[in-house]
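Here's a quick walk through one protein, starting with the structure itself. Have a look first, then we'll go through a few spots one by one.

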Amino acid sequence: RPSPSGLDMSYYRTLAEHDPNVALAGLRMELEILAKNLAKGFSVETTNHETGSRLFRLLRDKHAITSDQMKLALQIFSVCNAAIHGNPVSLEEAIVIIDSAEALRNDYLSWLGWGFSDGWEHSGNATANEHQAKQADSP
């Protein structure tokens with residue numbers, strides 16, 4: 001299933017400049033689609049009613065993603081859910097969350113490259129593990 005932004009996180013950065021809460025609502029939908037696509041690719045059984053958080057836990061339980069990737073996704077969902085439920089989010093907070101989601105997106109794009117016989121690789125920036133390490137080092 002295609003994603004709303006085409007996996008382009010700049011779409012959400014631009015949206016956040018106008019309404020950070022709406023940007024994070026869209027980002028949550030994007031990550032839920034990403035998780036559903038991963039589950040399908042790794043043959044992880046799901047229902048149509050799984051939450052994004054539940055999907056990432058299932059993916060971790062089936063060893064399709066790492067615990068660090070799941071933890072990062074759950075942190076992102078926590079802030080996105082708060083935004084959806086009306087908690088105000090600043091532009092700066094939204095950008096941090098979008099940047100964090102970009103690390104998961106990069107991991108996802110790398111995963112897509114595994115199945116291609118032509119050697120395709122996405123030249124993404126940081127992976128989720130690198131992002132986690134960067135977050136741990138920051139004050």
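## The biggest pocket

One thing to keep in mind: this is a predicted model. Let's start with the largest pocket and the helix that does most for it: α5 contributes six residues to the lining, the most of any contributor. Both α2, spanning 20-41, and α5, spanning 91-114, supply at least two lining residues each.

How much space lies in the largest pocket? About 200 Å³. The lining is made up of 13 residues, and those closest to the pocket's centre are Ile65, Gln69, Asp107, Tyr108 and Trp111. Sorted by class, the lining has 10 nonpolar residues, two polar ones and one charged one.

## The overall fold

Stepping back, the protein has six helices and zero strands. Walk along the sequence and the pattern reads α-α-α-α-α-α. Of the 139 residues in the protein, 42% are buried.

## A closer look at α2

Helix α2 runs for 22 residues. From its first C-alpha to its last, α2 reaches 31 Å, which is close to the 32 Å expected at 1.5 Å a residue.

What goes on at the two ends? After α2 comes Ser43, and its phi is positive, near 55°.

Is Asn48 buried or exposed? Asn48 has a relative accessible area of 73%, so it counts as exposed, given that the cut-off for exposed is over 50%.

Asn48 can also be placed relative to Lys36. The two are 12 residues apart along the chain, and their C-alpha atoms are separated by 9.2 Å.

## Aromatic pairs

How many aromatic pairs does the structure hold? There are two. One of them brings together Tyr11 and Tyr12, whose ring centres are 4.9 Å apart. Why is this pair edge-to-face? Because the ring planes of Tyr11 and Tyr12 are at 90°, and planes over 60 degrees apart count as edge-to-face.

The two tyrosines can be told apart by accessibility. Tyr11 counts as partly exposed, at 42% relative accessibility, whereas Tyr12 is buried, with a relative accessible area of 1%. The 42% of Tyr11 falls between the two cut-offs, so the label is partly exposed.

Methods: Residues numbered from 1 in each chain as written. Predicted model: local features only at pLDDT ≥ 70, side-chain atom pairs only at ≥ 80, totals over all residues. Heavy atoms only, no water. 1 Å grid on protein atoms, 1.4 Å probe; cavity = no way out; pocket = protein on both sides within 12 Å on 5 of 7 lines; lining within 4 Å. Points joined across faces, edges and corners; volume = space filled by probe spheres on them. Helix = DSSP H or I, 4+ residues; strand = E, 2+ residues; numbered from the N terminus. Nonpolar A, V, L, I, M, F, W, Y, C, P; charged D, E, K, R; others polar. Phe/Tyr/Trp six-rings, centres within 6.5 Å; stacked < 30°, edge-to-face > 60°. Buried < 20%, exposed > 50% of the residue type's maximum accessible area, 1.4 Å probe, protein only. Expected span 1.5 Å × (residues − 1).
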